Amino acid sequence: MPKPIPLSNLTQRIITAVIGASVFISALVFHEASAYLIILTINLLCLIEFYNLCKQQGWQVQKGFGLLFTLLLYAPLVLGAVIGDTFNLLPLLLLFPAFIFIRALFNPSNIPFTDVAFTILGLLYLTLPLFLFCLIGTNPYNERYEYERLIGILVLLWSSDSGAYFIGKKFGRRKLFERISPKKTWEGFAGGLLLAIIIAHPLAYYFKCYSITNWLAIAVIMATIGTLGDLVESMFKRSIAIKDSGSLLPGHGGFLDRFDGLFIAAPFVFVYLMLMQ
């Protein structure tokens, strides 16, 4: 019996992207609760990857506290979408930083403040941006969930990534940030930016939640700040000498590798939309 021909990295990348995007978009469209749950799931998987990488470096991060904080942060959104009523957990969440410091007293570690710092860093770097991304999905005027807001942002991010990948692979010559990511080029960045701007036009036609001006502005943010987010994650991986954050997504690495642009770009989009209201 002949051996199966192994899939190329590009083929794996495309198959994973199509399946993953289909599941993600279906959850966003199906219901407000499923949207929050899929983003929460991605958030938890990213946080687990981040904390596991930290533990590999010998840092005793408090994974349980980080995951519990994230669950409690999303709980009002999910419960509100399911039962139409919720409760205020903000007072409890405000205590979590203090609990993390107190918990560190009982860890036999020579670098307790480093452990605490990376525990909190995971929440600031991953949980906060993805939670803000959730909030973008709610219309501030009537407080109704609108999946078009979230899908549009993701489409622009993925368009930028795809444009940068293919244009960079074909025409890339000048290094964008060689010290952090030797494969990224200015030509790839320009290709990603151009494709995101092009895609913003049909988005504005089909998704009326934002004007063409706002969609173009979001496209520029996702392409530029998203690229910087990719570089930030590369900087983290380079500092701990790893290539991929995980292996759950064939052709893409881990969940940190797949959503790195969103971690840094989402707060910029959120602030931009707040200022434009």
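Before the points, a definition: a residue is called buried under 20% relative accessible area, exposed over 50% and partly exposed in between, using a 1.4 Å probe and protein chains only.

This is a predicted model, where local features need pLDDT of at least 70 and side-chain atom pairs count only at pLDDT 80 or more, while totals for chains, interfaces and linings use all residues. Residues are numbered from 1 along each chain as its sequence is written, and side-chain values use heavy atoms, with hydrogens and water left out.

1. **C134.** With a relative accessible area of 0%, C134 is buried. Its place is in helix α6; helices here are DSSP runs of H or I with at least four residues, strands are E runs of at least two, and both are numbered from the N terminus. Setting aside residues up to four places away in sequence, C134 touches Y36, I39, Y74 and L77, where contact means heavy atoms within 4.5 Å.

2. **The core.** The largest nonpolar core holds 76 residues. Such a core is a set of buried Ala, Val, Leu, Ile, Met, Phe, Trp, Tyr and Cys residues joined through side-chain atoms within 4.5 Å. Two or more residues come from each of α1 (9-30), α2 (32-56), α3 (63-83), α6 (112-136), α7 (147-171), α8 (186-206), α9 (212-239) and α10 (255-276). Of these elements, α2 gives the most, with 14 residues.

3. **F24.** The residues with the most contacts inside the core are F24, L28 and I39. Neighbours within four places in sequence aside, F24 is in contact with I38, I39, I42, F133, L154, W158 and F259.

4. **α2 against α6.** The two axes come within 10 Å and cross at roughly 160 degrees; axes are lines fitted to C-alpha atoms, for helices over the stretch in contact, and angles run from 0 to 180 degrees between N-to-C directions. α2 and α6 are therefore roughly antiparallel, given that angles over 145 degrees count as roughly antiparallel, under 35 as roughly parallel, 65 to 115 as roughly perpendicular and the rest as oblique. Their crossing is right-handed, meaning that the near helix is turned clockwise from the far one by less than a right angle, with anticlockwise for left-handed. By class, this contact has 15 nonpolar, 4 polar and no charged residues. Ala, Val, Leu, Ile, Met, Phe, Trp, Tyr, Cys and Pro count as nonpolar, Asp, Glu, Lys and Arg as charged, and the others, Gly among them, as polar. Among the residues that meet are Y36, I39 and F50 in α2, and F118, F133 and C134 in α6.

5. **α9 against α10.** Here the axes are 7 Å apart and the packing angle is about 140 degrees, so α9 and α10 are oblique to each other. This crossing is right-handed, and the contact has 15 nonpolar, 5 polar and 5 charged residues.

6. **Two positive phi values.** Most residues other than glycine have a negative phi. Phi of E143 is near 55 degrees; E143 sits in the loop between α6 and α7 and is exposed, at 67% relative accessible area. Phi of A241 is near 60 degrees; A241 is in the loop between α9 and α10 and is exposed, at 71%.

7. **T16.** Finally, T16 in helix α1 counts as buried at 16% relative accessibility. T16 and K237 are 221 residues apart in sequence, and 22 Å apart in space from C-alpha to C-alpha.
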